[in-house]
Number of protein chains: 2
Amino acid sequence: MRLIVARCEVRYSGRLDALLPEALRLLMIKSDGSVMVHADTGGYKPQNWMTPPTVIEYEGDPLSHMVVRKRAGATEDRLDIAITEVVSDVTHDMGEAAALEKDGVEAHLQELLAEQPHWCGEGFRLVRREWPTDIGPVDLMCRDDQDGWVAVEIKRVATIDAVEQLSRYLDRIREDPAMAEIQGVLAAQQIKPQARVLAESRGMRCVEVDLAVLRGEREPDLTLFLV
Amino acid sequence: MRLIVARCEVRYSGRLDALLPEALRLLMIKSDGSVMVHADTGGYKPQNWMTPPTVIEYEGDPLSHMVVRKRAGATEDRLDIAITEVVSDVTHDMGEAAALEKDGVEAHLQELLAEQPHWCGEGFRLVRREWPTDIGPVDLMCRDDQDGWVAVEIKRVATIDAVEQLSRYLDRIREDPAMAEIQGVLAAQQIKPQARVLAESRGMRCVEVDLAVLRGEREPDLTLFLV
DNA sequence: ACTTAGATTTCGCCG
DNA sequence: CGGCGAAGTCTAAGT
């Protein structure tokens, strides 16, 4: 990884055009070809960047110009960095950094609910995960205690978009007379109030699930019933 | 901006839990409180990070531990960085970097189409931009050559979400008997096939527009008709 | 404070 | 390789 602190002006042209006036910034060049231009403020995002695969040209000694290019379909993405002063320029060999282990994302939620579909509704049995339709897969297809079909849409955070998505699936599936009575359930760690209102106005049920409970690390919160 | 190259193990807990095993990485701490953990590969994204506002604690000399914390409602987001070796540790005062000037984002597309609404449909005249409804503003409200109302939704890239959004606007506006016949147009630099199918199945028209043509930098591509 | 919508979204999966 | 959905999305703007 090469870290250059330099006074520079940056031009990007590609999907849009952008100009960064001259200022002191960090140029970060990873060994995979990623290039990022960071200011000392502005949070998480670089002011400018290019993702691999790239071709990087360096000009001048001391460094006075960098061009980063990328073939993006018909057009070319291009980052022009004009350098007027190099404050620091160091390279570090970092080897391979081990990958990230995540826990708590939607796929994990789907796994747990597939194993314990009763959290989505009483008596629910799983028919299959990723039930295919021609507009995309339904997260969980179940049967309820009356043997009726139920499509379950799973989100970490459910917004209006999730309700629209489930609506589309239900509309499509109901075109099949054999499944015209299918019901919809929206299951999420968090359901936004507006999403809940829209979902219930469309006859879908909403279920907020607790990751710790699904994992069996914690008993369901019964305090409300113990008063 | 402080740049630390160090062998470290990183734990994140908050919206999810994640662990980065010990490896050599770059720790980037901006003066606004942003903290990023970058590997030498993996492109644009940090392996781990925290956005401002944060509280950062440094322990040990040489640095052996960092804790980055953030109040996020009821819970706390937390980044624990255990450092076993500091390879480099430098701080640069960068001052204020001027902001980015962009050209070509959706707002510009809306501006250009507002000036030249005929690209959305023959004989279209603009009534107003950002026409208010109680579920959000319609990008462009126009009248067509028959004097009929037309709501135009503008995207840089139009996906199914854009169709849903326009559908919601049309449904709402049609509740007013005076506008029950309003038509919908989806205008975008790029329209995804499934979005096009859904839009047309709902009676909306789709228009792909070319930024260069809108700007008058290039004539409409007529080669198809010249064969 | 919360919600909505855009982003050079990026990223990953699956066809 | 293209399309589609998720993301610790992030971020800015409006209410």
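1. In this predicted model, strand E10 (residues 136–143) of chain B and strand E11 (residues 149–158) of chain B run antiparallel and are joined by four bridges. Within this pairing, B:Cys142 has B:Val150 of E11(B) as its bridge partner.

2. The two strands belong to an open sheet of five strands in chain B, ordered E9-E10-E11-E12-E13, with mixed pairing. Its edges are strand E9 (125–133) and strand E13 (205–208) of chain B, each of which pairs on one side only. From one strand to the next, the twist averages 30°.

3. Helix H2(B) packs on this sheet, where it touches E9, E10, E11 and strand E12 (183–191) of chain B. The direction of H2(B) makes about 165° with that of E11(B).

4. H2(B) also takes part in a contact between the chains: helix H2 (residues 160–174) of chain A and helix H2 (residues 160–174) of chain B pack with their axes 11 Å apart, at an angle of about 95°. Angles of 65 to 115 degrees count as roughly perpendicular, and H2(A) and H2(B) are therefore roughly perpendicular to each other.

5. Which residues of H2(A) and H2(B) meet? On the side of H2(A) they are A:Ile160, A:Asp161, A:Glu164 and A:Arg168; on the side of H2(B) they are B:Ile160, B:Asp161, B:Glu164 and B:Arg168. By class, the residues of this contact comprise six charged, two nonpolar and no polar.

Notes. Residues numbered from 1 in each chain as written. Chains lettered and ligands numbered in written order. Predicted model: local features only at pLDDT ≥ 70, side-chain atom pairs only at ≥ 80, totals over all residues. Heavy atoms only, no water. Axes fitted to C-alpha atoms, helices over the stretch in contact; angles between N-to-C directions. Parallel < 35°, antiparallel > 145°, perpendicular 65-115°, else oblique. Contact = heavy atoms within 4.5 Å. Nonpolar A, V, L, I, M, F, W, Y, C, P; charged D, E, K, R; others polar. Pairing = 2+ DSSP bridges.
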